[in-house]
Amino acid sequence: MADVAAAAPRVERAWAVLETVLDPEVPALSVCELGIVREVIEHGDALEIVLTPTYSGCPATEAIAQSVLDALDARGLGPARTTLRRAPAWTTDWITAEGQRKLREYGIVPPGPVPADGAVPVRFVGRGARAPQLACPRCGSRHTERLSAFGSTACKALYRCLDCREPFEHFKPI
C-alpha cells in the first residue's frame with residue numbers, strides 16, 4: 001500500500017497532506033476546507049504552495065505558512081515554499097461545504113453567501129441595532145441576539161441563544 005501512495009503524483013500527495021493541516025484559529029477546519037490553499041505547483045524538485053490569507057492583516061498567516069511547510073517536510077514532500085496571493089481577495093464563499101458543516105458542528109454559525117456583485121456593505125450601527133437572526137448551532141432556535149460585532153477574531157461576531165442561553169460565534173461573510 002505504501003508503494004501505491006508513494007507512486008501518486010507529488011502534487012496530489014501534497015494536497016492530501018494539506019487536508020490535514022488545521023487552521024490555528026478555527027482548529028475544526030483544515031486550511032484547504034477554509035479555502036486559503038489556492039494552488040500547489042511543482043517547480044522541478046520544489047513545491048510552491050499558494051496561500052490567500054483570510055484578510056491581509058490576519059495574525060495567523062505566518063503560523064499557517066509554517067504549519068504547511070512542516071507538514072509537507074514531515075511527509076518527505078519538501079523542499080517547499082509558500083507564496084501569499086492577496087488578489088483576488090479571499091472570500092467566505094471559498095469555505096467548502098465540508099468546512100461549513102464542520103464549523104456548525106464546532107459551534108460556529110457558518111457565513112451566508114456573499115452577494116453576487118461581491119459587495120458586502122459596511123454598516124456602523126449601535127449595539128441595539130437589529131442583527132441578523134441566526135439559528136443557534138446547538139439547539140437550532142432562531143431566538144438569538146448579537147452580543148458583539150467581534151468575537152474571538154475579527155472575522156467572527158459573538159451571539160447568544162436566548163432559549164438555551166449558550167453563546168456562539170458567527171463567521172461573518174466577506
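1. Setting aside residues up to four places away in sequence, Ser30 touches Leu18, Glu19, Val21, Leu22 and Asp23 (contact means heavy atoms within 4.5 Å). Ser30 sits in the loop between helix H2 and strand S1 (37–43); helices here are DSSP runs of H or I with at least four residues, strands are runs of E with at least two, and both are numbered from the N terminus. Its relative accessible area is 0%, so Ser30 is buried (buried is under 20% relative accessible area, exposed is over 50%, and partly exposed lies in between, with a 1.4 Å probe and protein chains only).

2. On provenance: this is a predicted model, in which local features need pLDDT of at least 70 and side-chain atom pairs count only at pLDDT 80 or more, while totals for chains, interfaces and linings use all residues. Residues are numbered from 1 along each chain as its sequence is written, and side-chain values use heavy atoms, with hydrogens and water left out.

3. Overall make-up. The protein chain has 4 helices and 7 strands, which run α-α-β-β-α-β-α-β-β-β-β from the N terminus on. Of its 174 residues, 37% count as buried. Among contacts in the protein chain with a separation of 6 or more, 51% come from residues 24 or more positions apart.

4. Helix H2 (10–18). Its buried residues are Arg10, Ala14, Val17 and Leu18. Seen down the axis of H2, these fall within an arc of 95 degrees, so they line one face of the helix; the arc is that of the directions from the helix axis to the C-beta atoms. S1, S2 and H3 are among the elements that cover the buried residues of H2. As background, an α-helix has 3.6 residues a turn, so residues three or four places apart point the same way.

5. Helix H3 (61–74). The end C-alpha atoms of H3 are 20 Å apart, which agrees with the 20 Å that its 14 residues should span at 1.5 Å a residue (the expected span is 1.5 Å times one less than the number of residues). Thr61, Ile64, Ala65, Val68, Ala71 and Leu72 are buried in H3. Down the axis of H3, the buried residues fall within an arc of 130 degrees, so they line one face of the helix. The face turned away from that buried side carries the exposed residues Glu62, Asp73 and Ala74. Cover for the buried residues of H3 includes H2, strand S2 (46–51) and S3. Just after H3, Gly76 takes a positive phi of about 75 degrees.

6. Thr52. This residue is in the loop between S2 and H3 and is buried, with a relative accessible area of 2%. Leaving aside neighbours within four places in sequence, Thr52 is in contact with Ile36, Arg38, Arg85, Pro88, Ala89, Trp90 and Trp94.

7. A search of the whole structure finds 1 cavity of 30 Å³ or more. On a 1 Å grid over the protein atoms alone, a cavity is a set of points where a 1.4 Å probe fits but cannot get out, and lining residues have an atom within 4 Å of a point. The largest cavity has a volume of about 140 Å³, where grid points are joined across faces, edges and corners and volume is the space filled by probe spheres set on the points. Of the 16 residues that line the largest cavity, Asp23, Leu34, Thr54, Cys58 and Ile64 are the closest to its centre. By class, the lining has 11 nonpolar, 3 polar and 2 charged residues; Ala, Val, Leu, Ile, Met, Phe, Trp, Tyr, Cys and Pro count as nonpolar, Asp, Glu, Lys and Arg as charged, and the others, Gly among them, as polar.

8. Backbone points to check. Most residues other than glycine have a negative phi, and most peptide bonds are trans. The peptide bond from Gly78 to Pro79 is cis, with omega near 0 degrees, and Pro79 lies in the loop between H3 and strand S3 (80–84). The bond from Ala87 to Pro88 is cis as well, with omega near 0 degrees; Pro88 is in the loop between S3 and helix H4 (97–106). Arg165 has a positive phi of about 70 degrees although it is not a glycine, and is placed in the loop between strand S6 (156–161) and strand S7 (167–171).

Terms used
On a 1 Å grid over the protein atoms alone, a cavity is a set of points where a 1.4 Å probe fits but cannot get out, and a pocket is an open set with protein on both sides within 12 Å along at least five of seven lines; lining residues have an atom within 4 Å of a point.
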